Amino acid sequence: MRPFRMSAAIAWSTMSLVSVTTGCAPRAGGGEPTEREESAAMSDTTIEAAQQELTDSLMSKPGVVGTAIGLCDDVPCIRIFLARRNEALLAIIPETFRGYKVDVQVTGEFRARDTT
């Protein structure tokens, strides 16, 4: 079975839905951005491109089962999903990538749901 890899479009749609349902809308009145928002905005790479680049380098590693774009403290971040906790694997996953926080979650294996 091939590892699950969430497409950037699906991940962005999911993040947008999370933003709407958690009240993370753009500031009315143009308030000052937080330090975290400025940090993410300083990246010269879109989060989708950063996620794709990191996905391409990590999905070949045993134990990495997927990636997605999510929210970390109300700021867009790249999520890396692992089948199980592995210290050697954790050591090669960066804390930030292209200006975006990287969040690692141990989820177990992803499996397709039987719809029959």
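Biologist: Why is Glu-53 called partly exposed?
Modeller: In this predicted model, Glu-53 has a relative accessible area of 33%. Buried needs under 20% and exposed needs over 50%. The value for Glu-53 falls in between, so the residue is partly exposed.

Biologist: What makes Arg-98 partly exposed?
Modeller: The relative accessible area of Arg-98 is 39%.

Biologist: What does the pair of Arg-98 and Glu-53 tie together?
Modeller: Arg-98 sits in the loop between strand 3 (96-97) and strand 4, and Glu-53 sits in helix 3. The pair therefore ties together parts that are 45 residues apart in sequence.

Biologist: How many salt bridges does this rule give?
Modeller: The count comes to 3. One of them joins Arg-85 to Glu-87, with the closest N and O atoms 3.0 Å apart. Again the limit is 4 Å, so this pair passes.

Biologist: Are Arg-85 and Glu-87 buried or exposed?
Modeller: Arg-85 has 60% relative accessibility. Glu-87 has 53%. Exposed means over 50%, so both residues are exposed.

Biologist: What makes Asp-103 and Arg-79 a salt bridge?
Modeller: Their side chains meet at 3.1 Å, N to O. The cut-off is 4 Å, so the contact counts. Asp-103 lies in strand 4 and Arg-79 in strand 2, so this pair ties together parts that are 24 residues apart in sequence. Asp-103 and Arg-79 are both buried. Arg-79 also stands opposite Asp-103 in strand 4.

Biologist: How do you know that strand 2 and strand 4 pair?
Modeller: They are joined by 5 bridges and run parallel. Pairing needs at least two bridges, so the strands pair.

Biologist: What about strand 3 and strand 4: how do you know that they pair?
Modeller: They share 2 bridges, in the antiparallel sense. At least two are required, so 2 is enough. Thr-96 stands opposite Lys-101 in strand 4.

Biologist: How many bridges join strand 1 to strand 2?
Modeller: There are 8, and these strands run antiparallel. Thr-67 has Ile-80 in strand 2 as its bridge partner. The hairpin of strand 1 and strand 2 has 2 residues between the strands, and Asp-73 takes a positive phi near 55 degrees there.

Biologist: What makes strand 2 mostly covered?
Modeller: Of its 8 residues, 7 are buried. Cys-77 is found in strand 2. The relative accessible area of Cys-77 is 0%, which is under 20%, so the residue is buried.

Biologist: How do you know that Cys-72 and Cys-77 form a disulfide?
Modeller: Their S to S distance is 2.1 Å. The cut-off is 2.5 Å, so the link counts as a disulfide. A search of the whole structure finds 1 disulfide. The link is right-handed, with 60 degrees about the S-S bond. Cys-72 is buried, as is Cys-77.

Biologist: What else is Cys-77 in contact with, leaving aside neighbours within four places in sequence?
Modeller: Its contacts include Ile-47, Ala-68, Lys-101 and Asp-103.

Biologist: Which residues have the most contacts inside the largest nonpolar core?
Modeller: They are Leu-54, Val-64, Ile-78, Ile-80 and Ile-93, in a core of 15 residues. Helix 3 (47-58), strand 1 (64-72), strand 2 (75-82) and strand 4 (100-106) each give two or more residues to this core. The largest share, 4 residues, comes from helix 3.

Biologist: What does Ile-93 touch, not counting residues up to four places away in sequence?
Modeller: Ile-93 touches Leu-58, Ile-80, Leu-82, Val-102 and Val-104.

Methods
Residues numbered from 1 in each chain as written. Predicted model: local features only at pLDDT ≥ 70, side-chain atom pairs only at ≥ 80, totals over all residues. Heavy atoms only, no water. Core = buried A, V, L, I, M, F, W, Y, C linked by side-chain atoms within 4.5 Å. Buried < 20%, exposed > 50% of the residue type's maximum accessible area, 1.4 Å probe, protein only. Contact = heavy atoms within 4.5 Å.
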